[in-house]
Amino acid sequence: MGRVEGKVALVTGAASGLGAADAALLAREGAKVILTDVDAALGHSVAAGIPGAVFVEHDVRDERAWKTIVDQIMADHGRLDVLVNNAGVVKFASIEDCSLDDFRFVNSVMSEGTFLGCRTALPAMLANGGGSIINMGSIAGVKGVSAVLGYCAAKGAIHALTRSVAAYCRERSNGVRCNAIVAGSIRTPMIQKALREMSPDNPSFDELEGHGQGEPSDVANMVLYLASDEARHVNGASLTIDNGETA
Ligand SMILES: NC(=O)c1ccc[n+]([C@@H]2O[C@H](COP(=O)([O-])OP(=O)(O)OC[C@H]3O[C@@H](n4cnc5c(N)ncnc54)[C@H](O)[C@@H]3O)[C@@H](O)[C@H]2O)c1
């Protein structure tokens, strides 16, 4: 028996990095996994390598498409047990040079995308008595990283939103849990690109480079735990995985 045997899981931003690793591990542990992403070519090829997985092109900012996807999952499988709100983007800009457009873009993908995911998944999870929502936060949501102002704001919002959803579910004892992962620097295309773009004399460089970066599988193991029934009493938590960077 896998640790999430028989569960149905939706992972956003699953064409790359952490989302792809989450999807692969959840499937290996027995879940039926639906991957979504804006990058359809990569998404289809990642899903093709995961037994039983399907890919659906989706921009997490698209409210109507959220409903279509979740309705389709309910029609196909009759249940949605796990949602991993993982899709993310980063723009390099500090308080001195961040445009309103860039601030809004990053916040619309991560803060609004996560909100839409939670709101759409909740009724579907309630139809089967519960579920697990896992939101990708960041250490940038709990401490300042000067070079990515909008990213910090969006991740901070995700942590606050996670706690509000968790409190709502606890008040109703409705069986849904909502937790966030506070990840430090993990070796993915997002971070590798950031390090290439950033000069080593930028004050944020060391923080992003991390002290021994984590691997996507490290985060996927935490996602697996939160998705599984082993975490049945874990709700509203911000689980940190940063090798002590914020300790
Ligand atoms: N890598 C790290 O060090 C790290 C640390 C903390 C948090 N995170 C968070 O983990 C998540 C995954 O990051 P990653 O490092 O794997 O990055 P990544 O760039 O490898 O993957 C992000 C994925 O999100 C997709 N995406 C972007 N905009 C989207 C949208 N509007 N709708 C749907 N999909 C969209 C991208 O196409 C990409 O496939 C992000 O939320 C990121 O902020 C990453």
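Trainee: Before we start, what should I know about the numbering and the model?

Mentor: Residues are numbered from 1 along each chain as its sequence is written. The model is predicted, so local features need pLDDT of at least 70 and side-chain atom pairs count only at pLDDT 80 or more, while totals for chains, interfaces and linings use all residues.

Trainee: Okay, the sheet. In what order do the seven strands come?

Mentor: General idea first: strands of a sheet pair through backbone hydrogen bonds, either parallel or antiparallel. Two strands count as paired if DSSP finds at least two bridges between them. Strands are DSSP runs of E with at least two residues, helices are runs of H or I with at least four, and both are numbered from the N terminus. Here the sheet is open, with parallel pairing and the order β3-β2-β1-β4-β5-β6-β7. At the edges sit β3 (54–57) and β7 (238–241), each of which pairs on one side only. From one strand to the next, the twist averages 20°.

Trainee: How many bridges join β4 and β5?

Mentor: Four, in the parallel sense, between β4 (residues 82–85) and β5 (residues 131–136). Look for Val84, which stands opposite Ile134 in β5. Helix α4 (residues 100–126) packs on this sheet, touching β4, β5 and β6 (176–183), and its direction makes about 180° with that of β4. Helix α5 (residues 149–172) packs on the sheet as well, touching β5, β6 and β7, with about 160° between its direction and that of β6. Those angles run from 0 to 180 degrees between N-to-C directions, with axes as lines fitted to C-alpha atoms, for helices over the stretch in contact. Contact itself means C-beta atoms, placed from the backbone, within 7 Å.

Trainee: Which residues cover the two faces of β2, and are they buried or exposed?

Mentor: The rule is a neighbour count: a residue is buried if 20 or more other C-beta atoms lie within 10 Å of its own, exposed if 12 or fewer, and partly exposed in between, with C-beta atoms placed from the backbone. In β2 (residues 32–37), six of six residues are buried. Lys32, Ile34 and Thr36 lie on one side, with Val33, Leu35 and Asp37 on the other. Strand β1 (residues 8–11) runs parallel to β2 and is joined to it by four bridges. Val8 stands opposite Lys32, and Ala9 stands opposite Val33. Both faces of β1 are covered too: Val8 and Leu10 are buried on one side, Ala9 and Val11 on the other.

Trainee: Which residues have the most contacts inside the largest nonpolar core?

Mentor: A nonpolar core is a set of buried Ala, Val, Leu, Ile, Met, Phe, Trp, Tyr and Cys residues joined through C-beta atoms within 7 Å. The largest one has 74 residues, and Ala9, Ala23, Leu26, Val33 and Leu35 have the most contacts inside it. Not counting residues up to four places away in sequence, Ala23 touches Val11, Ala14, Val33, Leu35, Ile50 and Ala53.

Trainee: Why does Ala21 count as buried?

Mentor: Because it has 24 C-beta neighbours inside 10 Å. Ala21 is in helix α1, and, leaving aside neighbours within four places in sequence, it is in contact with Pro216, Ser217, Val219 and Ala220. The C-alpha atoms of Ala21 and Ala220 are 5.9 Å apart, despite 199 residues along the chain.

Trainee: What is the phi of Ser173?

Mentor: Positive, about 45°, although Ser173 is not a glycine. Ser173 is in the loop between α5 and β6 and counts as exposed because it has 8 C-beta neighbours inside 10 Å. Asn243, also not a glycine, has a positive phi of about 50° and lies in the segment after β7.

Trainee: Last one: which residues come nearest to the ligand?

Mentor: A residue is near a molecule if its C-beta atom, placed from the backbone, lies within 6 Å of it. Of the 27 residues around the ligand, Gly13, Gly17, Gly88, Thr188 and Met190 come nearest. Elements giving two or more residues to this shell are α1 (17–28) and α6 (189–197).

Technical notes. Two residues are in contact if their C-beta atoms, placed from the backbone, lie within 7 Å.
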